[in-house]
Amino acid sequence: MDRNLLTEKLKQLLVIECDKEDELEWQEIANEEVLFGNKSRLDLDSLDALQLSLAVQKQYGIRIEGASQGRKVLYNIDSLADYILANT
């Protein structure tokens, strides 16, 4: 799986699943940009994390288990891509 293509698809997935189409273009998201929490400009919350986790499971067949793993995997696009590439 091509990493650059994967990161682009993950950004598009995030924008769609978190209902950010009216606020954000997927190209504006940097791979190392923090996705959740006070340090993030994306204004995503725990429901967005759940939506994104379910979308990743559906799209790539990979589960993100528990809050601790979720925080690490969903930290940014790079960490999410690393997790998918390591588990596919």
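1. Start with Glu 23 and Lys 20: these two form a salt bridge, with the closest N and O atoms 3.4 Å apart. The term stands for a side-chain nitrogen of Lys or Arg within 4 Å of a carboxyl oxygen of Asp or Glu. The model is predicted, so local features need pLDDT of at least 70 and side-chain atom pairs count only at pLDDT 80 or more, while totals for chains, interfaces and linings use all residues. Side-chain values use heavy atoms, with hydrogens and water left out, and residues are numbered from 1 along each chain as its sequence is written.

2. For the cut-offs, buried means under 20% relative accessible area, exposed means over 50%, and partly exposed is anything in between, using a 1.4 Å probe and protein chains only.

3. Stay with Lys 20 for a moment. This lysine sits in the loop between α1 and α2. (Helices are DSSP runs of H or I, at least four residues, and strands are runs of E, at least two, numbered from the N terminus.) Not counting residues up to four places away in sequence, Lys 20 touches Val 15, Leu 42, Asp 43 and Leu 44. Contact here means heavy atoms within 4.5 Å.

4. Asp 43, one of the residues that Lys 20 touches, is worth a look of its own. Asp 43 belongs to the loop between α1 and α2 and counts as exposed at 63% relative accessibility. Its phi is near 60°, a positive value in a residue other than glycine.

5. What is phi for Asp 19? It is near 55°, again a positive value in a residue other than glycine. You'll find Asp 19 in the loop between α1 and α2, where it is exposed, with a relative accessible area of 57%.

6. Now for Trp 26, which is in the loop between α1 (3–17) and α2 (46–60). This tryptophan is partly exposed, at 22% relative accessible area. If you set aside neighbours within four places in sequence, Trp 26 is in contact with Glu 8, Lys 11, Gln 12 and Val 15. Val 15 also turned up in the list for Lys 20. As for Ser 53, Trp 26 is 27 residues from it in sequence and 18 Å from it in space, C-alpha to C-alpha.

7. How many salt bridges are there altogether? The count comes to five. One of them pairs Asp 82 with Arg 3, whose closest N and O atoms are 2.7 Å apart. Asp 82 lies in helix α4 (residues 77–86) and Arg 3 in helix α1, so this pair ties together parts that are 79 residues apart in sequence. Both ends are partly exposed: Asp 82 has 41% relative accessibility, and Arg 3 has 29%.

8. Another salt bridge joins Glu 33 to Arg 41, with the closest N and O atoms 2.6 Å apart. Glu 33 is buried, with a relative accessible area of 14%. Going back to Arg 3, salt bridges that share partners join Arg 3, Asp 78 and Asp 82 into one network.
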